[in-house]
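Subject: Structure handover

Dear colleague,

Here is the structure for your files. My notes on what was found in it follow below.

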Amino acid sequence: MLSRLHTLAPESSATTRPERFAAGQARLLLTEAFVSGTGKPVPVAAGQHAADAEAAARATLTYLTDGPDGFPYITCAPQRALNLLAVLASWAGMPVPGDELHLDVTVIRTKPVV
């Protein structure tokens with residue numbers, strides 16, 4: 001999908017860092033969602049995966065709108081992180097800042113929607 005997107009919009013740059021996206025340093029924010037436990041929303045007509053994707057998108061929007069205060073930052077120290085989403089985007093030919101391959105990740109948690 002990222003290869004196709006890059007083919008259709010070769011001038012687009014990507015980032016996995018919300019602060020870089022918010023600062024206009026990239027046109028595409030790549031995120032990965034893992035929705036589990038009490039964070040699981042009620043399924044919608046399109047199914048549980050669609051409900052999970054919507055919950056993740058809403059949490060990301062809240063993070064971008066309200067700022068990072070209160071959102072935990074996960075570190076891999078003393079090990080070095082490997083950001084597979086940044087690796088995939090780079091492999092697809094999409095420009096991604098090289099440091100993102102090894103930066104720690106931001107975890108955006110949200111309260112369950114009922």
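**Salt bridges**

Arg 58 counts as exposed, because its relative accessibility is 54% (exposed means over 50% relative accessible area, buried under 20%, partly exposed in between, with a 1.4 Å probe and protein chains only). The side chain of Arg 58 meets that of Glu 54 in a salt bridge, at 2.8 Å from N to O (a salt bridge is a side-chain nitrogen of Lys or Arg within 4 Å of a carboxyl oxygen of Asp or Glu). Glu 54 is partly exposed, with a relative accessible area of 36%. Arg 58 and Glu 54 are four residues apart in helix α3, so about one helical turn separates them.

Before the rest, the conventions. This is a predicted model, in which local features need pLDDT of at least 70 and side-chain atom pairs count only at pLDDT 80 or more, while totals for chains, interfaces and linings use all residues. Residues are numbered from 1 along each chain as its sequence is written, and side-chain values use heavy atoms, with hydrogens and water left out.

By the salt-bridge rule, the count comes to five. Another of them joins Arg 20 and Asp 99, with the closest N and O atoms 2.6 Å apart. That pair links distant parts of the chain: Arg 20 sits in helix α2 and Asp 99 in the loop between α4 and β4, 79 residues apart. Arg 20 is buried, with a relative accessible area of 17%, whereas Asp 99 is partly exposed at 36%. Arg 20 and Asp 99 also belong to a network of salt bridges together with Glu 100.

Glu 19 forms a salt bridge with Arg 17, the closest N and O atoms being 3.1 Å apart. The two side chains are also joined by a polar contact of 3.1 Å (a polar contact is a pair of N or O atoms within 3.5 Å; within protein, one must be able to donate a hydrogen and the other to accept it, and residues adjacent in sequence count only if both atoms are side-chain atoms). Arg 17 counts as buried at 9% relative accessibility, while Glu 19 is partly exposed at 40%. Glu 19 lies in helix α2, and its C-alpha atom is 8.8 Å from that of Pro 68, 49 residues apart along the chain.

**Overall make-up and confidence**

The chain has four helices and four strands (DSSP runs numbered from the N terminus: helices are H or I with at least four residues, strands E with at least two). From the N terminus on, the elements run α-β-α-β-α-β-α-β. Buried residues make up 32% of the 114 residues. Of the contacts with a separation of 6 or more, 55% are between residues 24 or more positions apart (contact means heavy atoms within 4.5 Å).

The mean pLDDT of the chain is 82, and 88% of its residues reach 70 or more (pLDDT is the predictor's confidence in each residue, from 0 to 100). Where pLDDT is low, the predicted coordinates should not be read in detail.

**Helix α3**

Helix α3 covers residues 48-66, and its 19 residues should span 27 Å at 1.5 Å a residue; the end C-alpha atoms are 27 Å apart, which agrees (the expected span is 1.5 Å times one less than the number of residues). The buried residues in α3 are Ala 51, Asp 52, Ala 55, Ala 56, Ala 59, Thr 60 and Tyr 63. What covers them includes α2 (18-22), β2 (28-29) and β4 (105-106). After α3 comes Gly 67, with a positive phi near 95°.

The largest nonpolar core has nine residues: Leu 2, Ala 14, Leu 30, Leu 85, Ala 86, Ala 89, Ala 92, Met 94 and Val 96. Helix α4 (residues 84-91) gives the largest share of this core, three residues. A nonpolar core is a set of buried Ala, Val, Leu, Ile, Met, Phe, Trp, Tyr and Cys residues joined through side-chain atoms within 4.5 Å. Not counting residues up to four places away in sequence, Val 96 touches Ala 14, Ala 86, Ala 89 and Ser 90.

Thr 16 is in the loop between β1 and α2 and is buried, with a relative accessible area of 15%. Its side chain makes a polar contact of 3.0 Å with the side chain of Asn 83. Leaving aside neighbours within four places in sequence, the contacts of Thr 16 include Leu 29, Leu 30, Leu 85, Ala 86 and Glu 100.

Regards
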